[in-house]
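Good morning, everyone, and thank you for coming. Please look at the sequence and the structure on the screen while I walk through them, chain by chain.

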Amino acid sequence: MRSGQLLSRLAILAALMPAIALAAAPRVSFNRDIRPIMSDTCFHCHGFDAKSRKAGLRLDLREEALKPTKNGVLPIVPGEPEKSEVILRINDTADPMPPEEAHKTLTPAQKELFRRWIAEGAPYEPHWAYAPLVRPAVPAVASAESRAARSDHPVDAFIRAKLAAKKISPSPAAEPARLLRRLSLDLTGLPPTPAEVAAFKADSLRDPRTAYRAQVDRLLASPRHGERMAVWWLDVARFTDTVGFHGDQNQRIFPYRDYVIAAFNANKRFDAFTREQLAGDLLPSPTTEQRIATGYNRLNMMTREGGAQPKEYLAKYGAERVRSVAAAWFGSTFGCAECHDHKFDPIKTRDFYELQSFFADVKQWGVYSDYAYTPNPDLKGWSNDHPFPPELAVTSPYLVARRERLLGEFASLRSSLPEAAVEAWVAEALSHLERNPTGWSELASKAALSAEELRGADKKKAPAKARARPAPTSLTLLAEPGRLATLRLEVPPVPDGKAPGLLRLTAARLRRPGAREEKLEISFADASDKEPRYADGAEVLGISTGWRIPRADTPRSGVWQLAVPRLLAAGDEVELIFAAAPPPGLRVFSSPLAASDPLETASAGQLAALRTAPGQRTVAQRALVADAALFAHAADRSILERAQRLAARIRETRDGQAWSLITEAVATPLELRVLPRGNWQDESGPIVRPATPSFLPGRRESTPERRLTRLDLAEFIVSKENPITARTVVNRLWAMLFGTGLSAVLDDLGSQGELPSHPELLDWLAAEFRESGWDLRHTIRLIVTSDTYRQGSSLRRELRDADPSNRLLASQNPRRLEAEFVRDAALFAAGLLNLRDIGGPSAKPYQPPGYYAALQFPDRDYIASDDEEQWRRGVYMHWQRTFLHPMLANFDAPSRDECAAARTVSNTPQQALTLLNDPTFVEAARALAARALAAGSSDATRLREAFQIALGRDPKATERDSLLKLLAAQRDHYRTNPDDAEKLLRIGLAPAPAGDAAELAAWSQVARVVLNLQEFITRY
Amino acid sequence: MPAFDPTAHALSVNRRAFLQQSAYGLGGLALAMLTNRLGAATPGATRPKGWHGALVAPHFPVKARRVIYLCMAGGPSQFETFDWKPKLKALHDQPFPESFTAGQQLAQLQNMVLKARGAFTEFRRHGQSGIEISDLFPHIASVADDLCVVRSMTTEQINHDTAHAFMNTGSIIKGRPSMGSWLLYGLGAETQELPGFIVLTSAGRFGLQPISARQWSSGALPSKFQGIQFQSRGDAVHYVGNPAGVCQSTQRQVVEEVQRLNGLLAEETLDPEITTRIAQYELAFKMQTSVPELTDLKREPKEMLDLYGVKEPGDGSFASNCLLARRLAERGVRMIQLYHRAWDHHGQLEEGMKSGARDVDQATAALIKDLKQRGMLDDTLILWGGEFGRTPMGQGTGRDHHINAFSVFMAGGGVKAGTTYGATDDLGYRAVENVVDVHDLHATMLALMGIDHVRLNTKFQGLDIRLTGVAGKVVPGLMA
């Protein structure tokens, strides 16, 4: 903060705090002192917006402000405040300015500033953020401390110049453990390990600067760095897993998140990052990666609501895109300009629609569905379960790796089968094959019942006789004696012109004479020929929930695998119940064989393998035979169930294939007009074509010959002429590392924002960022290697009045971790966090049941991830726009409906409840307790371990004594209440280690305390 | 050094910087309170901990202290509730006059032949005031003299999602706070043990539409002003229940230990967030007791359950939620919003309306009666209505969305009881007399709460935003 600014504010306080003496005031600065007042109190009626301008007076332009008004008075007479109407009116009690109805008042100090400014000649300056970016000189620092520290760091030079002017000395560096924890959390979103802390402390003793630089390099090179940075950018890009409007259906776009993480990990130049996201598809021969990046343009909210007007929603999407692009790259708020010229900034309505028209070629639909009242031939037959095209099919390295891992697990399960058992089953299978060489036996039909008859039968009533028999929906078949593992249903040809039918087997039952009817559960069903069906935005795997039979000239088969194979005897009956009458001519076959993929059942390969003598089978054949035995034989149910679960997970990796929303350009961009007052039904406004914002230097406009494209916009954004993008980005990086930006308003660098505390530093960093080749990592390294960054974060009481918000940065600021990193820190301390994988689909941590009850179209159920995906980092959490995970929401993560450049930081009881009671944190506490228990045998050692893991330090004596007292009390409680201990240890998916349950429960309580500490969720 | 003066502190920093961050403490929005306080007689008067609102003194006389908004989500038909249109009934099944509809925005009736659909119900006059109410709502009719029915509502948004956003925030742009958040921000709550803005949801059998947590978002205001949704399954408030195997006394020990250790940290580190954190843990622990006590409707006497028509206390029905709303009102919650998802009757209007009326009629009337007998109706403002209305034209067996006219009613809290306000044309297509748009409704509700709608605002992305956008006028005709 400039001394003048501070003084002016102190002057405001003069009435309240007469104790503060005023020093001789320096010259008034328009940008620093006058523009904020004008912006707040004058521009609404005397600013850019011609429509709301009063008395024909505008004060935002000097030449206008010096002209006589309609009434013939002179608003501003440079050097002569007493002749300036502005001064007369702001002091006029009878007819004051601003007028009473504006509910704005000027303080005496503000009035005095105005007077002095005019007395000094009323010089104007362009708004700082829009002014050309010129690298300022680094101030020469004369302070003794800097010389002593031999710091010639430019960041420190700027910061210390101001501190020195205020005679404030910077704070000493934070002690090493705390410093490393800060750096680690800032750069990777994870705390350091105790070993890392110990090593850094040792290295710091030798050479603190070298040791620190080594840590900076290590952390910036860590793949966790990309995940940390992605949390920032995904807010800006409004990345989510769901579309946001109305039914808030799933959209498939996780590869875009992978792209963002990879970009940060590769330190992709920010100009390339910009170009690829806005216009990757327009680059010459775009790569898959570049096309995935264009998913950015598709992250606006979308609707599928019945009755929505496509044109209205296209207008909404377009307007949102302008707001989000402007917020992301221009740090500007274009929102107001949708309906009227911006009142405080020179953003015109035309700018809004010109920026929108860059995106008029993005292929999209207003309503992503096909309704009778709004037909959409492109998406004919689309339902609420369909995806949101256009999408790109891509390979997901995460899914490929997961599939490989699961296949490995499957292989070891397979090899755990005793060979004798396999061969015994093979012998049985071979004897069947002697009778039925194809492996299939057709089942004879006994009876067919219609739906009505079924219902009647349920009510033990005789079916109505007189009426014509409706088509049967239940088939009873005579079972083939022997083993039943798989059923195959063969349907007759569906000729062209006939609609494909949907066959849905809703239940299968087994009836044995003299025994209770049994339900035959199906583990999985599939058909090699099927029309795709969708659920929740993705293609349904298999046909268990329905088989849409394709048109074909020959019969088609679907295969249903039983969850538990059965041994059947003559006289047993199998009843199949369908949702609707199956096609006439349906044939049913059974087989004692099975396979990991039902479609492999009785395949030529499988039959050949079975018929090959054990010693002569190839490796592949051995696997086929073992799989067949595994799935067809229920000797060991737990192995069978594990095999089925693994097979399901392997299928869900879809061979590593994923889909991602991308931008496709249409040949003819939508014609866009300025919409008067934003009204999409009003077509009276002028047609607009792409052009860059008129208020920024280096404007580029479409010509009749050449329409500018998204790529042109991207090129302008990263051009030398555009000053605002580098300022915007650098300011946000600063906020990431200091808690507050150099300009505190991260989402508005316009005139309603804040003049930076250190404007020259911001410009210097912005110039450095741009000239370094838009090198984010270089810029971050530059900032974190400053002494300013490394200072202690304890606020200093003596500065509370001089610098209440610590904007001079005489110390670092404590910063509460973002929601994702609160989670990560807990799981990291627990040793549960998955640090092996990068990227991949969104994971679903535990979530309170019923949270999606008010979601419809389709109805949604939330099924928490039930394997290691449970413990993925917060950046991978499923992001449901309308019902964000309560943990994320409670810790201020935005729903990302639109660009969110700044998160609020709240401190609420909901946060306390989350840390105390959310199963994620209870499970983490238990796992941390187990780690502490494993560290040694004494309570003190164990406590020390827990503190080192979670906080990177030893407990102090007072903390230790207090916690050990708690431990003793909890121990007593759980020794006397062993049931409670068991219940506590059962929370979560991770198995609790065997051993003394009461002891682990008591330590879990201690660990809960540690994970709830302010110190744990704050980076100091 | 002089004692720390929060007023001086707040004014010594840039206003926006202060809103973003104040290193030495004071909840960010204290500034608004402080600037207001400058006009008040005695700055710095001590009050209990917690947020007491940005307004130190009300702008207008306070008529209502809390709002209960019974949101009939989906948009119930005004033609079967409060807007009796005999001429529409006479025109039933005839072509709907094009003079009304040409060039108008329609939802699912786009490109369809338009036919008039008259009310399938009868209307009667009720109470001293003789307000005409459909026979589907006999209980509500029994409190007709407490109602102020607005027949001339209009809105701008024709689809559910955006219409709810408009009704709640006065805008469809994301980041705008909802009405409850504004009230909590402006006035604080009279409870420090419960959230000040609570949302309850229930669902009927016909015409369900989804509803988003966005509708009770605090938007640009800090998240502590957001609505807290009470769940009908599991914990009423997320994570308010202790983990399995942790009883209240062991939980207490854990919380006390957290407090103790945070206190130690506060002694050595000057970070005001620590003291705030300690206060939040205290509040959280109180909520762990107060929420289960609050939601335990079994403590209500049988005649009370019968009055509301509660079949199973706490079953998540609208009736149960109404009873819970009264308990929340008694405990000082500022805004209680009930959503009943049951009113989107594009088809099966008759079944749907009958079913919806069965869900809400008795409980709505019971809430009014109950508050009245407790002397609380006078300062409780009730709003009943959907996010829009329905077309006078039929759509198959139902009605489409309609924004040019619909009906809501208010009761209690300083509204003119036993009146109707505004009117639609003969066929109920358009509000023609004393039109009340959503901003006007908001301005009037805020006025009843003592707030001048143009003076309750916050900075967001370079604008002073407020609930009423740049519009809204208080409607004196709705006020007693």
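This is a predicted model: local features need pLDDT of at least 70, side-chain atom pairs count only at pLDDT 80 or more; totals for chains, interfaces and linings use all residues.

Chain A is divided into domain 1 (3-119), domain 2 (402-462 + 469-660) and domain 3 (917-1019), with bounds that come from an automatic or database domain assignment. Residues are numbered from 1 along each chain as its sequence is written, and chains are lettered from A and ligands numbered from 1 in the order in which they are written.

To stay with the domains for a moment, the C-alpha centres of domain 2 of chain A and domain 3 of chain A lie 48 Å apart, and the C-alpha trace of chain A spans about 110 × 80 × 55 Å along its principal axes. Chain A has 37 helices and 20 strands, where helices (H or I, at least four residues) and strands (E, at least two) are DSSP runs numbered from the N terminus.

How much of chain A is buried? Of its 1020 residues, 52% are buried, a word that here requires 20 or more other C-beta atoms within 10 Å of a residue's own, whereas 12 or fewer make it exposed and anything in between partly exposed, with C-beta atoms placed from the backbone. A:Glu434, which lies in helix 19 (residues 419-435) of chain A, counts as exposed because it has 8 C-beta neighbours inside 10 Å.

Next, a helix pair in chain A: helix 14 (residues 270-279) and helix 24 (residues 710-717) pack at an angle of about 160 degrees with their axes 9 Å apart, the axes being lines fitted to C-alpha atoms, for helices over the stretch in contact, and the angles running from 0 to 180 degrees between N-to-C directions. These two helices of chain A are therefore roughly antiparallel, given that angles over 145 degrees count as roughly antiparallel, under 35 as roughly parallel, 65 to 115 as roughly perpendicular and the rest as oblique. A:Thr274, A:Arg275, A:Leu278 and A:Ala279 in helix 14 of chain A meet residues of helix 24 of chain A, among them A:Leu711 and A:Ile717, a contact being two C-beta atoms, placed from the backbone, within 7 Å.

Turning to chain B, we find 14 helices and 17 strands, and of the 480 residues of chain B, 61% count as buried. In chain B, the axes of helix 12 (residues 318-330) and helix 13 (residues 349-373) come within 8 Å and cross at roughly 20 degrees, which makes helix 12 of chain B roughly parallel to helix 13 of chain B. Among the residues making that contact are B:Phe318 and B:Cys322 of helix 12 of chain B and B:Val360 and B:Leu367 of helix 13 of chain B.

Finally, how many residues of chain B are in contact with chain A? The count is 85 residues of chain B, in contact with 94 residues of chain A. The largest share of that side of chain B, 10 residues, comes from helix 9 of chain B. The side of chain B that touches chain A divides into 37 nonpolar, 33 polar and 15 charged residues, where Ala, Val, Leu, Ile, Met, Phe, Trp, Tyr, Cys and Pro count as nonpolar, Asp, Glu, Lys and Arg as charged, and the others, Gly among them, as polar.
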